[in-house]
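Open the model in your viewer. This short tour tells you what to select next and what you will find there.

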Protein chains: 4
Amino acid sequence: MTTTVSERPATRAPIEPAEAGDIARLVVSCSDGPGIVALITSFLHRHGANILQSDQFSTGATGGRFMLRTEFHLARLRERMHLLERQFDVEVARRLGAEFRLRAAATPTRVAIFVSRYDHCLLDLLWRARRGELPIQVAAVVSNHPDLEPDVAAFGTPYVHVPVTRATKPAAERVQLDLLRGEVDLVVLARYMQILSGDFLDQVGVPVINIHHSFLPAFAGASPYEQARQRGVKLIGATAHYATEDLDEGPIIEQDVVRVSHRAGVADLSRSGADIERTVLARAVGWHCADRVFVHGTTTVVF
Amino acid sequence: MTTTVSERPATRAPIEPAEAGDIARLVVSCSDGPGIVALITSFLHRHGANILQSDQFSTGATGGRFMLRTEFHLARLRERMHLLERQFDVEVARRLGAEFRLRAAATPTRVAIFVSRYDHCLLDLLWRARRGELPIQVAAVVSNHPDLEPDVAAFGTPYVHVPVTRATKPAAERVQLDLLRGEVDLVVLARYMQILSGDFLDQVGVPVINIHHSFLPAFAGASPYEQARQRGVKLIGATAHYATEDLDEGPIIEQDVVRVSHRAGVADLSRSGADIERTVLARAVGWHCADRVFVHGTTTVVF
Amino acid sequence: MTTTVSERPATRAPIEPAEAGDIARLVVSCSDGPGIVALITSFLHRHGANILQSDQFSTGATGGRFMLRTEFHLARLRERMHLLERQFDVEVARRLGAEFRLRAAATPTRVAIFVSRYDHCLLDLLWRARRGELPIQVAAVVSNHPDLEPDVAAFGTPYVHVPVTRATKPAAERVQLDLLRGEVDLVVLARYMQILSGDFLDQVGVPVINIHHSFLPAFAGASPYEQARQRGVKLIGATAHYATEDLDEGPIIEQDVVRVSHRAGVADLSRSGADIERTVLARAVGWHCADRVFVHGTTTVVF
Amino acid sequence: MTTTVSERPATRAPIEPAEAGDIARLVVSCSDGPGIVALITSFLHRHGANILQSDQFSTGATGGRFMLRTEFHLARLRERMHLLERQFDVEVARRLGAEFRLRAAATPTRVAIFVSRYDHCLLDLLWRARRGELPIQVAAVVSNHPDLEPDVAAFGTPYVHVPVTRATKPAAERVQLDLLRGEVDLVVLARYMQILSGDFLDQVGVPVINIHHSFLPAFAGASPYEQARQRGVKLIGATAHYATEDLDEGPIIEQDVVRVSHRAGVADLSRSGADIERTVLARAVGWHCADRVFVHGTTTVVF
C-alpha cells in the first residue's frame with residue numbers, strides 16, 4: 001500500500017535548474033496599439049534574453065489596455081539587471097508610454113502580515129513560506145493583539161504588537177507605517193479585524209491584499225455565518241482582493257468556494273470558511289508575488 | 001481507444017428491479033422529541049414494510065424540528081397504499097402532530113415549466129425528462145413569448161403562450177392559474193423573466209422553484225454579467241430556490257459555481273452562467289421530485 | 001424572485017463585434033531559440049495586424065519546443081489571408097523550421113461524429129453547435145447502429161448507418177474513410193463502441209478525439225462502473241484525448257470528475273459518468289476547434 | 001474592507017453546548033431484514049435517549065448488509081454508558097447478529113502517525129488536532145527517519161525513530177507493534193514510504209489509514225509525477241483508504257483532485273499533489289474518527 005520509491009521530499013526542496021538565478025520577469029502595461037509585442041520582444045532578443053514563457057492580454061482591439069508578462073533567461077542576470085532596466089526604460093517604455101517592472105525571479109517579496117486573533121491564514125502563509133511554496137520573506141507579523149506571538153515565534157519571525165482602540169487608531173497607524181516604510185513590498189491582511197484608514201492605504205506605498213469570506217447571496221451586517229446558516233446556503237466562499245479606500249472590496253484576485261450542508265452548524269461553517277480562506281489567500285499572495293496579477297481599474301488580469 | 005464492451009445504453013433505460021413498483025417514500029416532519037423514530041419504524045415494520053434507505057435530521061436536541069425521509073419496499077404497494085396512508089395518519093401522524101407525505105416512488109411529478117426566451121434551462125429539463133434522468137412528466141410549458149414553441153413541439157409537450165404586459169398581468173396570471181389547477185405538482189421557473197405576484201404564489205397551491213444567477217459579491221441592478229466582468233469576478237454561480245413573495249430569494253435548494261477568467265467577455269460569462277444554471281436547476285428539480293428537500297423556515301434540509 | 005430586465009437570449013446569439021470576420025488565429029510550433037517571438041510579432045506588425053491575445057509556451061529553455069497561439073485583427077482579412085499565409089511561410093516559418101496554421105476565426109471546423117447507441121455526448125455536441133456555443137459544423141453523424149437516426153434528423157444533420165461486424169470491419173472502415181475524405185477537419189468519437197484500426201487512423205488525415213470514462217484507481221476489463229461501485233470510488237471521471245494507434249489513450253486534452261457516494265447504484269454511476277463525459281468532450285472539442293490545443297509527443301499544451 | 005465585528009476565533013474554540021459530554025454515537029451493522037430500525041430506536045427510546053441525527057443504508061432490500069449510525073443525547077451519559085452497552089448487546093445486538101460500537105462523542109481517538117521525510121500530511125494533521133478541527137489525540141509520531149523530529153517537538157508530541165532496512169524490517173515492526181499495543185485506536189500512514197507487512201496489519205489490531213496519490217489514468221512504476229507530466233494529465237488526485245495486505249489499495253474512504261496545466265513542472269505537480277493529499281487525508285481521518293465510515297467488503301459507506 002506504500003512504496004519505497006524516492007524518499008526525497010520534493011515539496012520542501014524543489015529541484016531548481018542551475019540557471020535559476022538568471023531568470024527574470026518583466027511586466028509591462030500600456031495603451032494598446034500595433035507593434036508593442038514586436039518592440040518588446042525585439043528588445044529582449046537584442047540583449048540576449050531567451051523568453052521562457054509569456055502571456056499578454058488586451059482589454060480591447062482599439063483603445064484598450066495592453067498587459068504583458070514574460071519570463072526570460074539572461075546569462076549573468078544579476079550584474080546586467082540594473083543596466084537592462086535603464087535600457088528598457090529608454091528604448092521601449094518611454095516610446096510606449098508604458099509602466100513596467102523588471103525583477104529577478106529568485107528575489108523574494110518582502111511581506112508584512114497583519115492579524116488579529118484568527119490564526120488560520122497566518123499559519124498557512126508562514127508554513128508555506130518555510131516550505132518554499134511561496135516566494136516570500138515574512139519581514140514581520142503585526143497584530144492588534146498579543147495572542148499569536150508564540151505561534152509566530154516558532155517560525156523565527158518578528159511579532160509586533162500594536163494595540164488599536166478607536167482613540168489610538170491614528171497613532172497606531174503611524175507606528176505601523178513607520179515599521180513598514182522601505183521594509184516591505186506587500187502587506188497581507190490575514191484576517192485583520194480592523195478597518196485601515198484611507199490615509200494608511202495612501203501612505204503605505206505598497207499593495208495591500210485582503211481576504212474576505214463571501215456568500216451567495218451576500219449578507220450585510222454581523223454574524224454572516226449565522227445568516228448563511230439561516231438561509232440554507234450550500235456554498236461557503238472566500239475572496240482575496242486588493243484593499244482600496246472607497247470600496248468594501250477592491251479588485252478581485254481569487255475566489256473559491258466549498259460545499260456545505262444543512263448538517264453544518266455555525267462552528268462547522270466557520271471552520272469550512274477558514275479552510276477556504278487560507279487556500280484562497282495563499283493562491284492570491286503566490287500569484288501576486290510571481291507578478292501574475294495586473295490591476296486594471298476595478299478588475300484584475302491574472303496570468 | 002474504445003471498447004466493444006456492453007453497448008446497452010444504461011443512461012436511457014436504467015435497470016429497474018422487478019419490484020420497483022413496490023417502493024414508496026415517506027416524508028415526515030414534526031416537533032422533535034423522544035421516540036419519534038421508534039414510532040414510525042415500528043409502524044412500518046408492523047405493516048410489513050422493509051426500509052431500504054432512511055435519513056433523518058433534527059434542528060436541535062430540544063425544541064427543534066425533526067425531519068425524516070424513508071424509502072421502503074412493501075409487497076402489493078399500489079393496492080395497499082391508500083389504506084396505509086390513512087393508518088399512518090391515525091396511528092402516527094396525529095399522535096406526533098406531524099405533517100407527512102406518502103408516495104409511490106414510481107409516480108412521476110407533474111411539472112409546468114415557465115420560460116421566456118432563454119432556452120438552456122428548458123431544453124435541459126425536457127431532455128433529462130425524456131432520458132429518464134428526472135422523474136418528472138412535463139404537463140405544459142408556459143411562456144410569455146412564442147419563440148420556443150418549435151423546440152418544445154419536438155418533445156411532444158404542450159406549449160401555452162400567455163403574453164404578459166404590465167396592464168394584462170393580473171389577467172394573464174388568472175389564465176395561468178386556470179391552466180395549472182389540479183394539473184401539476186410543481187412549477188419550475190426556467191428563466192421566466194417576469195415577477196410573479198404574491199397572489200399567484202398564494203393561489204398556485206404547489207411549490208415553485210426558481211433559478212437565479214449568483215455572484216460573489218452580489219450585484220444589484222441591471223446587467224449583472226457586465227458588472228461581474230467589471231469587478232473581475234473569478235466565479236460565476238447559480239442558485240436554485242423556492243420562490244416566495246417577500247424575499248428576492250427564498251429557501252435555497254442548491255448552488256454551484258463555475259470558474260471564469262479575465263479572458264471571458266460578457267457573452268462568455270453569460271454562456272458559462274447558462275451552463276451552471278441548467279445544471280443547478282436540474283439537480284434542484286430532481287431532488288425536489290425525489291422528496292429529498294424539506295423547507296424549514298427560510299432554510300432547507302436536503303437529504 | 002425574477003426580474004424583467006434584458007430578455008435578449010445572449011447565449012443563442014452572442015454579440016459579435018462588427019469586425020469579427022477580420023479576426024484570424026495563427027499557431028506556430030518549432031524548436032525553441034532566441035528571437036522567435038520577435039520574428040513573428042514583427043511580421044504581424046509589418047503587415048498591419050493588431051495582436052488581440054497571445055499565448056506562448058516553451059517546454060524548456062534549451063532544446064525545448066516552442067509553441068505560440070495568437071489572435072489578431074487584420075482589416076480585409078479574407079481577401080488578404082491567402083497571401084499572408086504564403087508570406088508567413090517564406091518570411092518566418094522556413095527560417096525557423098516551424099510548423100504553422102493560419103485560420104480565420106469565423107471559419108467553423110467541419111466535424112464528423114461517430115456514435116453507437118449512447119446519445120448523451122452526441123446530443124450535447126449537436127445542441128451546443130446549434131446554439132453557437134461550439135464553432136463547429138457537423139457534416140455527418142456516422143453510426144454502427146440505426147437507433148439514433150431520429151434524434152439526429154431533428155437537427156437536420158445527415159446520419160450515415162455503417163454496420164460493423166468483425167468480418168466486415170475493414171470494408172466498413174473503407175466506407176467511412178470514403179465518406180470523410182476532404183469533407184471534415186475533425187472526427188469526434190462520441191462514445192463509439194468500436195476500436196478503430198491503426199490503418200483507419202493513419203488514413204483519416206485529420207485529428208480524432210475520443211472520450212473515455214476514467215477512475216481513480218483505473219480498472220481494466222469489462223463493467224467498469226460495476227467495478228467502481230465495488231471499490232467504493234468517490235469520484236467518477238472522464239478523459240478526452242486524441243486517439244492513437246499504439247496507446248489505449250493518446251495525448252490528454254481535458255479531464256474532469258464528479259463526486260459520487262455509496263448511495264449510487266451502477267445505473268446512477270453511469271448516469272453521472274454520462275454527465276461528466278459530455279461536459280469534458282464538449283470542452284475538448286471547443287478548445288481543439290479554437291486552435292487552443294498543441295500536441296507535443298504524448299502530452300498536450302492547452303492555451 | 002475589514003470589519004471589527006466578532007473577534008472571537010471560532011475556529012479554535014467552537015462553542016460546545018453544555019451537554020456535549022452527554023452525546024454518544026452508536027454504529028450498528030448486520031444482515032438486513034425487517035424491523036431492525038424499530039428494534040434499535042425502541043431500545044434507545046426506552047432508555048431515555050434522544051436521537052439527534054441518524055443515517056442508515058442497506059446494500060440491498062434482500063440479503064443486503066444494513067448499516068446504521070446514530071448520534072443521541074442521554075443525560076448522565078458517562079455513568080450510564082457501560083451498562084447501556086451491555087444492555088444493547090443483550091437486548092438488540094445478539095438478536096440481530098449485529099456488530100456494534102458505542103462511544104461518547106467527546107472521547108478523542110488515539111492516533112499514531114507514521115511518516116518518513118515528507119512533512120505535509122503530518123503537519124496538517126498535527127495542526128488540525130491542535131486547533132480542535134480533528135477529534136484526535138496524537139499519541140506518537142513514528143518514523144524511519146529522524147528528520148521531522150524538530151517539527152513534531154514543537155507540538156509537544158512524542159517522536160519515535162525506528163530505522164528500517166530490508167534486514168531489520170521484521171524487528172522494526174515488532175518494535176512498532178510493542179509501541180502501539182493498547183495505546184492507539186488508529187494508525188495513520190501520512191506518506192510513510194515503507195510497505196507494512198501482512199503480519200503487521202494482522203497484529204496491529206486497529207484500522208490503518210493510508211494516503212496515496214492517484215492519477216487518471218493510473219501509472220505503474222517509479223516517478224509517477226514525471227509520468228503524469230509526460231502524459232499531459234489535467235488532474236492530480238489523492239485517495240485515502242484502509243490499508244490491506246492483499247491489495248495495493250484497500251477500501252476507499254475519500255478521493256479528490258486538483259487541476260493542473262502544462263505549465264506545471266514535476267516540482268509543481270508534486271506540490272499540488274501534496275496539497276490535495278493533506279486535504280484528503282484530513283477528511284478521511286476526521287470521518288473515521290467521527291465513526292462515519294463503514295467497511296463493507298472492498299467498499300465503504302461514508303455517512
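Start with B:Gln56: its bridge partner in β2(D) is D:Ser54. Residues are numbered from 1 along each chain as its sequence is written, and chains are lettered from A in the order in which they are written. This is a predicted model, so to speak a computed one: local features need pLDDT of at least 70, side-chain atom pairs count only at pLDDT 80 or more, and totals for chains, interfaces and linings use all residues.

Now select both strands. β2 of chain B (residues 50-58) pairs with β2(D) in the antiparallel sense, over five bridges. Strands are DSSP runs of E, at least two residues, and helices are runs of H or I, at least four, numbered from the N terminus. Two strands pair if DSSP finds at least two bridges between them.

Next, select the whole contact (heavy atoms within 4.5 Å). Chain D gives 19 residues and chain B gives 19 residues. Five residue pairs are in polar contact, both at pLDDT 80 or more. A polar contact is a pair of N or O atoms within 3.5 Å; within protein, one must be able to donate a hydrogen and the other to accept it, and residues adjacent in sequence count only if both atoms are side-chain atoms. On chain D, α1 (36-46) and β2 (50-58) each supply at least two residues of the side that touches chain B. The largest share, eight residues, comes from β2(D).

Finally, move to chain A and select α3 (residues 120-130). Here 10 of the 11 residues are buried, meaning under 20% relative accessible area (1.4 Å probe, protein chains only). Among them are A:Cys121 and A:Trp127. Just after α3(A), A:Gly132 takes a positive phi of about 80°.

Definitions and conventions. Heavy atoms only, no water. Buried < 20%, exposed > 50% of the residue type's maximum accessible area, 1.4 Å probe, protein only.
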